[in-house]
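Here are my notes for a first look at this one. Have the sequence and the model open while you read.

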Amino acid sequence: MPPRASKRKATASHNSSSVTSADDSPTGTITGLDNVILIAPSDKNKTKKTDRLDTLFDSYANCSSGIIDPEGIEALCSDINVEHTDVRILMFAWKLKAQRQGYFTRDEWRSGMKALKVDSLSKLKKGLPELEKEVNTPGNFQDFYSYAFRYCLTEEKQKTVDIESVCELLNLVLGSQFQSKVDLLIEYLKIQSDYKAINLDQWMGFLRFCKEISFPDLENYDADLAWPLILDNFVDWMKEKRS
Amino acid sequence: MGERKTFELEQGWEYMQKGITKLKGILDGSLEQFNSEEYMMLYTTIYNMCTQKPPNDYSQQLYDKYREAFQVLPSIREKHNEFMLRELVKRWANHKIMVRWLSRFFHYLDRYFIARRSLPPLNEVGLTCFRDLVYQKVNSKAKDAVLDVIGKERDGEQIDRALLKNVLDIFVEIGMSQMDLYEDDFEAHMLQGTGAYYSAEECLKRERERVSHYLHSSSETKLVEKVQHELLVVHVNQLLEKEHSGVHSLLRDDKLDDLSRMFRLYHKVTRGLEPVSNVFKQHITAEGTALVQQAEDAASSQAANGGVQEQVLIRKIIELHDKYMTYVTDCFQNHTLFHKAMKEAFEIFCNKTVAGSSSAEQLATFCDTILRKGGSDKLNDEAIEETLEKVVKLLAYISDKDLFAEFYRKKLARRLLFDRSANDEHERSILSKLKQQCGGQFTSKMEGMVTDLQLAKEYQSSFDEYLGNNPSTRPGIDLQVSVLTTGYWPSYKSSDINLPAEMARGVEVFKEFYDNKNKHRKLTWIYSLGSCHINAKFDQKPIELIVTTYQACLLMLFNTSDKLSYPEIMTQSNLSNDDLPRLLHSLSCGKYKILSKEPNTKTVTQNDSFEFNHKFNDRMRRIKVPLPLVDERKKVVEDVYKDRRYAIDAAIVRIMKSRKVLGYQQLVMECVEQLSRMFKPDIKAIKKRIEDLISQEYLEREKENPNMFRYLA
């Protein structure tokens, strides 16, 4: 059986050159527009890797848009057996520096996966605990925490996130570290009516609050300092609750 | 003259002794008396015994016997305190009587024997006897008893001042017109005792009184000095705060002289004035707060009785201010501490709300009353000016000055538009006073309003001229239009009422006229502020009704229909449920029933229908049908709070722009200071504005220090 001319998808890669060459099939037909990537032997592994990454990317990406969309992410999640609402997916997005919630571009995918030093699903799955540890280092956590909020700003010029989502996000991101504090904070956020949405400054305030203020006495809280007003109100509410 | 018997000493003395015994008996209460015969005999006996030839000249012996005659019972020594004093006084009194009588009996001795021998006279002898026999022994006890009694009086007990006086007289008299005994034995101890007992200004007076009542006058100066020393140096605070004395009572009883004196005293002591000024401040605060409470009580009882709240409080506060300012200038010599105390006191109670109305609103209403026609008929121009001055001074103590400005502006608008202002000069005068106190920005809009109205008058004249020159344009009604500059005046709601044809025509004509003159300006018609004179032909006689434009529009509907239902009226007039009930009520359920309502209930509902009331009549030919005002308070407060948000924003941005980086607390402090001229910003409000500005990316929080902010250009 004559070997079939293998179709290769066109890729644009900045460190490759493309040369048109004849297919070495015995029938000897030149199938014109096929591009073959000719790379020097030393970059062979790299090519392979990028190749693999691309393949992986392609398997989840939307054909028409060329990026992984929410459906694709869900598929990816089920493949690695992690809930798509799991915080580790968020961490993954952070590692990818994904700009848009629910979407991964090829560049993001490539640089992120490379940074994780993984190129397959199984490796990705195995690398998750490592990722978690990395995120939880003091240096990174603040950045991750801030990222988590900004990730939710899906609309153009959106500056705030609604209370419901904020509560979920708080739980997701801070729940493991500061469960009891987060529970109380969420309780308050749900019943208060001063704010219908939270901005980044307030969001960052929550983290600072959980880190610095002693619970449940709140002794070292000083309302004369520049804490966001919503936290002043939270503290008042806590004190009232206690008495 | 018969031959004189020669009296032997014993004989004669025996006779004398009887007399003396009788005398003592009398002193002890017996009812016997000496008659002149007995007296003569006693006297003659002595005389004889002294004029007998030696060796029967018994002068010396008699002198000695005289002395012996004074035996004072020792019972005094056994008694104590007041009882002792009484006994002492009694004995002394008795003694004096005895001395007097015996001296009379023995008078002859006084005449010759004593002089010849340079001996102390009988009187003196008598007193000396008392002194030696009694006084020396009991004076210290007496002194203690007296001081004790004085102490009781200082503590507020009633004492027998007469008794004390008598006792002290003893001290004086025994000294025999030399004050030594009094001074040494009594006064010195008393002064010491006074020092130990601290006293206040009130007590100072009492001590003075005491002096006049029973102490010897020479004690006064020394006493006062001693007390003052205690006042000044030792017990300042206790003095001032003592319940029934001290600064507080002086203030309460309006004792200006005493206050002046107190000021002078304490002025010499370092920081001595501080406690005094504190009491001053507390006192004023208490009085002011009481006034506020009174007003609150009066308002709630009036409300219960359906009365209208009167403007008494402001007047009373002004009076209070005048009163205590006098104190500061007269008693306290204009000292800064007292100015400050007064200011702080007024700031405390001048910012309280009474019956839902803030002090800012009250003050504005007060001004309105004065400036309105008929508001201050009883006062002449000068008095009005004075009152306006005082009002402006009071404004300095009110923290919500912007609220005052807004209420004032709203009421000014009504005065100007409805031609209710009494006197243009006064209007301008108070504005210039406000400008001086609060700055140009405060009054710029109001000044604009006053000017607008003058311009409006000019416009009106040229409009009239225009109509005169163009008869075809005449709308058939007299029309007066006031053109107002939007920025200066409060914002008014303008609804789209359907004007009756005549009015609509008038509006058109004016619009044409105005557009010709001002091509680039747009007119927005506010019919809600207009008023109208409308002739109503009732059965009995025609009456001119003065109503608002809206009321007039509704009435005109009845030119074409006899009876209209509420919904019909609503459609035809194009007014909403917000305005219509109120308007119809004023025409059908108020004092003057121009329209009859069916059913004839007291409130207007959507099921009612209305008819023109032909039968209406009034003795006057022209009546004003009032339309009750909508309570603007809520809106004013809302508007002011909104403006405050902008003001706070502007202040924050201004500060951050110049400082670039600033700590939170510093920022808040500077903000409050900048805004304090107009209002006292709420710290939470400032915090919220900062957060909003962060959201809008005017500011950001410093990464390293979350309490620090940076200006983002």
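**Notes on chains A and B**

1. Of the 243 residues in chain A, 40% are buried, meaning under 20% relative accessible area with a 1.4 Å probe, protein chains only. Keep in mind that this is a predicted model, where local features need pLDDT of at least 70, side-chain atom pairs count only at pLDDT 80 or more, and totals for chains, interfaces and linings use all residues. Residues are numbered from 1 along each chain as its sequence is written, chains are lettered from A and ligands numbered from 1 in the order in which they are written, and side-chain values use heavy atoms, with hydrogens and water left out.

2. Chain A has ten helices and four strands; these are DSSP runs, numbered from the N terminus (helices: H or I, at least four residues; strands: E, at least two).

3. Take a look at helix α8 of chain A, residues 179-191. Its buried residues include A:Leu184, A:Leu185 and A:Tyr188. The buried residues of α8(A) pack against α7, β4, α9 and α10 of chain A, with contact meaning heavy atoms within 4.5 Å.

4. Over in chain B there's an open sheet of three strands, ordered β1-β2-β6, with mixed pairing; two strands pair if DSSP finds at least two bridges between them. β1 (531-537) and β6 (622-624) of chain B are the edge strands.

5. Strands β2 and β6 of chain B run parallel, joined by three bridges. B:Ile546 has B:Lys624 in β6(B) as its bridge partner.

Notes: Buried < 20%, exposed > 50% of the residue type's maximum accessible area, 1.4 Å probe, protein only. Expected span 1.5 Å × (residues − 1).
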